[in-house]
Amino acid sequence: MCGIVGYIGKGDATSVALDCLARLEYRGYDSAGIAVLNSKRLEVRKRPGKIKELIELIRQRPPHGHAAVCHSRWATHGEPSERNAHPHADCTGTLAVVHNGIIENYAELKERLLAEGHRFRSQTDTEIIVHLVEELAKRQPIETAFRLALKQLRGAYAVCLISAKEPHRLFGARNSSPLIVGIGDGEAFFASDVPAILSHTRRVVYLNDEEVVELTAGGPRLMTLDGKPVQRESTTVTWSLESARKGGYPHFMLKEIHEQPLAIEHTLANRLVGDTVRFDRRTTQFLDRLSDDEQLIIIACGTAYHAGLVGEYMLEELARIPVDVDLASEFRYRGSRLGRRTTVIAITQSGETADTLAGVKMAKTQGAKVLAICNVMSSSIAREADAVIYTHAGPEIAVASTKAYTSQLTVLALLTLYLAKKRKQLPAAQAKRFARGLAALPALLERALANEQAVKAVAAKYASARNFYYLGRRHNYPSALEGALKLKEICPLIHAEGYAAGEMKHGPISLIRKGWPVVFLATRSPVYEKIVSNIEEVRARKGECIVIASEGDDHIRCYADRLITVPQTDEFLSPIVTAIPLQLFAYHVAAANGCDIDQPPNLAKSVTVE
Ligand code: F6R
């Protein structure tokens with residue numbers, strides 16, 4: 001969702017800021033804009049559509065300066081258009097802001113500001129911020145005016161302010177929306193996310209909620225909303241610039257699919273030794289303090305929620321711990337009663353998803369403990385949680401989550417093994433087998449990827465279909481949900497639904513007719529025969545069965561219209577392996593349909609508003 005960049009320093013602000021903004025394209029957006037400060041005034045340029053269209057506009061009349069704020073907007077209040085695109089300027093054109101989030105009390109503030117004579121040009125909630133600062137700055141310095149304005153806002157914001165009267169300072173602040181500071185050599189940055197600034201610096205300062213920053217080319221000065229100084233060390237990010245580039249692949253999604261063997265190797269590294277699982281000291285202490293009757297609640301959104309559903313099977317069956325899995329957006333409003341014996345496990349790639357973050361905060365207010373499974377270091381959820389298990393998948397840029405998902409599943413498997421052994425729930429032989437299965441994953445994923453051409457051929461055959469079902473049972477029921485999500489996410493022409501195969505007879509089967517493609521997850525498991533029966537039912541109605549089955553399963557051949565095989569693994573780990581053909585299938589169907597795979601319309605990588 002909305003990408004923010006602020007730049008001040010020795011470089012050409014327009015080109016540096018736009019370069020950084022382009023690296024946030026993956027967040028999803030529908031318009032873009034920039035305000036550049038030259039020696040005299042602010043110059044604002046905006047455009048609906050892609051950043052390249054803004055760059056084209058700028059090429060005709062290039063503004064030059066040493067400071068800029070720019071923005072890619074994912075519309076919430078007001079249609080995607082030039083006037084609603086950020087930055088928004090005050091009445092005099094002296095101040096401009098960019099904002100990510102939603103200001104919930106904007107209507108009442110706007111009414112007041114209109115009565116005070118301010119002129120509004122857009123339909124956005126954001127514009128009230130700049131007029132509020134303008135109003136307050138009539139009586140106090142800009143820094144105080146900015147802080148006092150923020151104190152009047154209700155809702156989420158990451159916001160940057162630029163002022164023609166303050167050429168050597170930018171201001172920024174965050175509350176429940178992501179904003180980081182980058183410190184370079186004679187230059188400094190605001191950004192929504194680390195990949196934006198990786199080609200300029202790896203020195204980052206992470207902000208907490210309700211913190212304000214005065215940024216000069218020399219670096220940041222942090223303070224609270226009340227103006228009290230805040231001390232914070234910078235962190236050096238380990239992600240490489242290369243990891244945030246396409247590296248010869250046509251799309252980030254394909255690159256990230258192929259990175260999975262390495263990503264899982266990183267997830268496992270130093271954690272799995274023989275059949276022993278080790279976590280860092282803080283996580284180990286956290287896990288060792290869980291009570292015998294601890295209640296586990298997994299919360300997450302989208303793909304991460306599907307990972308949670310797989311985790312439920314593992315933790316309940318192998319570690320014998322009761323688990324509830326909830327969509328974070330439901331959990332936060334459910335009114336559940338949590339307590340000291342409740343642990344909430346928040347699964348999130350970005351660590352910034354608004355609903356998951358709100359669920360984490362709610363759990364903490366009720367006295368529950370929070371463990372995060374997260375990819376992005378020092379993200380909001382990672383910092384809120386009592387302990388974090390990082391997935392170490394590296395930056396995930398494509399909107400469709402792939403390597404983050406399989407690395408989340410791998411962490412859940414490690415967690416299961418750790419807790420199952422600690423609680424003496426797993427016979428030694430089974431624990432060893434499970435650990436061997438985990439260690440073998442990178443090689444198995446390589447083998448699954450080697451089958452890409454076969455998956456591509458199946459995708460080509462069904463690329464013109466417009467409806468798909470995905471069916472699975474037990475651990476591969478969440479895989480069916482995930483496979484369908486991948487396809488509909490990146491191929492907006494297609495409707496795809498995932499179901500528990502046993503549910504088919506309770507409704508969905510009524511739609512099946514000649515040629516309707518159904519993707520079955522039919523790897524070897526205790527429910528294999530039941531899945532075969534479900535395949536029979538679809539065949540009886542002349543549906544087309546695309547079957548994902550275990551290598552060497554010759555029996556299934558006669559049931560499948562198209563067969564895709566995956567290496568055999570422990571039943572509990574099979575969703576990690578079956579994810580590969582599901583992702584590749586979605587990718588190649590979308591590619592055959594000419595879809596915008598890395599930035600599907602209307603979607604955002606990191607959903608930072610409710
Ligand atoms: C799907 C996808 C989304 C995310 C969801 C949660 O491919 O990317 O469904 O999984 O928005 O995001 P995180 O994991 O960042 O909390």
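Q: Which residues in α3 meet which in α4?
A: On the α3 side they are Tyr106, Leu109, Lys110, Arg112 and Leu113, and they meet Ile128, His131, Leu132 and Glu135 in α4. Bear in mind that this is a predicted model.

Q: How does that contact split by class?
A: The contact of α3 with α4 has five nonpolar, one polar and three charged residues.

Q: And at what angle do the axes of α3 and α4 cross?
A: Roughly 45°, with the axes of α3 (residues 106-115) and α4 (residues 127-136) coming within 10 Å. Angles under 35 degrees count as roughly parallel and 65 to 115 as roughly perpendicular, so α3 is oblique to α4.

Q: Left-handed or right-handed crossing?
A: α3 passes α4 in a left-handed crossing.

Q: Changing topic, how is the protein divided into domains?
A: Domain 1 covers 3-241, domain 2 covers 252-443 and domain 3 covers 452-592.

Q: What separates the centres of domain 1 and domain 3?
A: Taken over C-alpha atoms, those centres are 45 Å apart.

Q: Back to helices. How do the axes of α14 and α18 cross?
A: They cross at roughly 30° and come within 9 Å; α14 is residues 428-449. That angle makes α14 roughly parallel to α18. The crossing is right-handed.

Q: Which residues make the contact there?
A: α14 contributes Leu441, Leu445, Ala448 and Leu449, while α18 contributes Ile576, Val577, Ile580 and Leu584.

Q: How many aromatic pairs does the structure hold?
A: Six. One of them is formed by Phe468 and Phe585, which sit edge-to-face, 5.8 Å centre to centre with 75° between the planes.

Q: Where in the chain are Phe468 and Phe585?
A: Phe468 is in strand β23 (residues 467-472) and Phe585 is in helix α18 (residues 574-592). They are 117 residues apart, so to speak a link between distant parts of the chain.

Q: One more helix pair. How do α8 and α13 cross?
A: The axes of α8 (residues 281-288) and α13 (residues 403-422) come within 11 Å and cross at roughly 50°. That makes α8 oblique to α13, and the crossing is right-handed.

Q: Which residues make that contact, and how do they split by class?
A: Thr284, Leu287 and Asp288 of α8 and Leu415, Tyr418, Leu419 and Lys422 of α13 make the contact. By class there are four nonpolar, one polar and two charged residues.

Key: Residues numbered from 1 in each chain as written. Predicted model: local features only at pLDDT ≥ 70, side-chain atom pairs only at ≥ 80, totals over all residues. Heavy atoms only, no water. Axes fitted to C-alpha atoms, helices over the stretch in contact; angles between N-to-C directions. Helix = DSSP H or I, 4+ residues; strand = E, 2+ residues; numbered from the N terminus. Parallel < 35°, antiparallel > 145°, perpendicular 65-115°, else oblique. Left-handed = near helix turned anticlockwise from the far one by under 90°. Contact = heavy atoms within 4.5 Å. Nonpolar A, V, L, I, M, F, W, Y, C, P; charged D, E, K, R; others polar. Domains from an automatic or database assignment. Phe/Tyr/Trp six-rings, centres within 6.5 Å; stacked < 30°, edge-to-face > 60°.
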